[in-house]
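Here is a short briefing on one predicted model. The points below are grouped by topic.

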Amino acid sequence: MENKPKISVIIPVYNTEEYVERCLETVLNQSYNNIEIIIVNDGSNDLSHNIISKIIQNHQNINYIQLEHNIGVGNARNCGIQNAHGEYIGFVDSDDWVDSSFYEQLLNSILSYNADMAVAGIRTEIEDVSHPRNRYTYPKPSVLQGKFALHALVNMYNSDIKITPIVNNKLYKKSLIRDNHILFDKSRRAQDNYFSFMALMYSSRTVLVNNTFYHYYQRPSSITHDVSNGYIDDYIYVLTDLKQTLENRKMFDEYSQEFTAFVMRCFNAMINNLFSQEQDSRTQKKRIIYILKKMSDVLPWSILIEKIDIERFRRFWEP
């Protein structure tokens with residue numbers, strides 16, 4: 001590896017003893033090797049530390065940061081950003097993994113198209129890794145300029161190009177993150193929404209990369225499946241913080257339509273998760289009412305009513 005790494009890959013770890021070795025193996029065996037790996041152990045109390053300690057003995061390109069107390073994945077990523085030496089930054093969750101040429105293809109795409117960030121496809125792995133499901137695919141490389149990448153994120157209109165808020169299937173210029181003071185929100189869930197909106201808002205050129213994938217492993221016990229009031233509160237907290245940031249930077253008027261579209265995308269995500277994870281109709285109704293009440297803290301009722309698909313909820317109030 002050269003003296004200064006080209007890419008910094010930040011991996012927050014919290015109690016993933018069953019998966020962390022698989023994750024690290026795929027990052028350590030990338031076709032592009034000028035990479036520093038920043039592992040932030042976020043106060044794990046399982047055997048994750050022992051596994052990591054054994055692996056780093058044989059690799060000089062790993063910076064292992066061990067935190068005494070759990071501070072949440074967003075803050076753990078922020079810690080990694082502060083310690084990154086590479087020109088480009090990527091993120092991998094410790095229960096996920098990446099294709100072997102993942103970072104080489106993303107970096108080459110950024111350099112070839114003079115882009116600020118690159119976006120790859122995602123394969124969702126649900127327990128049985130032999131049957132992945134492609135959630136985002138890009139048949140050929142595409143360069144998105146101006147606001148189009150942000151519009152693809154927020155579902156501004158019905159386009160054939162979609163971008164997920166998940167931060168891990170992307171590679172960013174470090175200058176994009178640091179120059180624009182983009183950090184993760186302190187919320188334990190939904191912090192990707194804030195970071196992705198801000199990054200794509202500032203990115204003047206975003207390239208979509210084909211033929212490589214980020215593997216997003218979905219565990220039934222994952223906290224992201226728990227559609228509780230706390231889960232809803234996290235979503236609303238992040239959206240409120242995003243709105244406040246736009247207002248503080250005197251950018252809300254320019255991006256008010258994108259923000260509204262993004263709020264509705266997040267609303268639909270919460271409803272989809274609710275319907276898929278909670279089957280009791282009484283609990284569903286309570287959660288829907290709670291979501292609507294909380295959403296009114298972010299958008300006026302008049303806009304919420306205008307944007308909501310009423311037919312979607314009609315059956316819940318039928319006699």
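**A strand pair and its surroundings**

Strands β2 (residues 35-42) and β3 (residues 62-67) pair in the parallel sense, over six bridges. Between β2 and β3 the chain passes through helix α2 (residues 48-56), and this β-α-β crossover is right-handed.

**Strand pairing**
- Within the pair, Ile39 stands opposite Tyr64 in β3.
- The sense of the β2 and β3 pairing is parallel.

**Helix α2**
- Four residues to look at in α2 are Ser48, Ile51, Ile52 and Ile55, which are buried.
- These residues lie on the same side of α2, because they cover an arc of only 95° around the axis.
- The buried residues of α2 are covered by elements that include β1 (7-13) and α1 (20-28).
- Both β2 and β3 are also among the elements that cover them.

**His69 in the loop**
- Where is the place of His69? His69 is in the loop between β3 and α3 (73-82).
- Is His69 buried or exposed? His69 is exposed, because its relative accessible area is 58%, and the cut-off for exposed is over 50%.
- Ser44 is 25 residues from His69 along the chain, and their C-alpha atoms are separated by 8.2 Å.
- Leaving aside neighbours within four places in sequence, His69 is in contact with Asp42 and Gly43.

Notes: Residues are numbered from 1 along each chain as its sequence is written. This is a predicted model: local features need pLDDT of at least 70, side-chain atom pairs count only at pLDDT 80 or more; totals for chains, interfaces and linings use all residues. Side-chain values use heavy atoms; hydrogens and water are left out. Two strands pair if DSSP finds at least two bridges between them. Helices (H or I, at least four residues) and strands (E, at least two) are DSSP runs, numbered from the N terminus. A crossover is right-handed if, with the strands pointing away from the viewer, the path from the first strand over the helix to the second runs clockwise. Buried means under 20% relative accessible area, exposed over 50%, partly exposed in between (1.4 Å probe, protein chains only). The arc is that of the directions from the helix axis to the C-beta atoms. Contact means heavy atoms within 4.5 Å.
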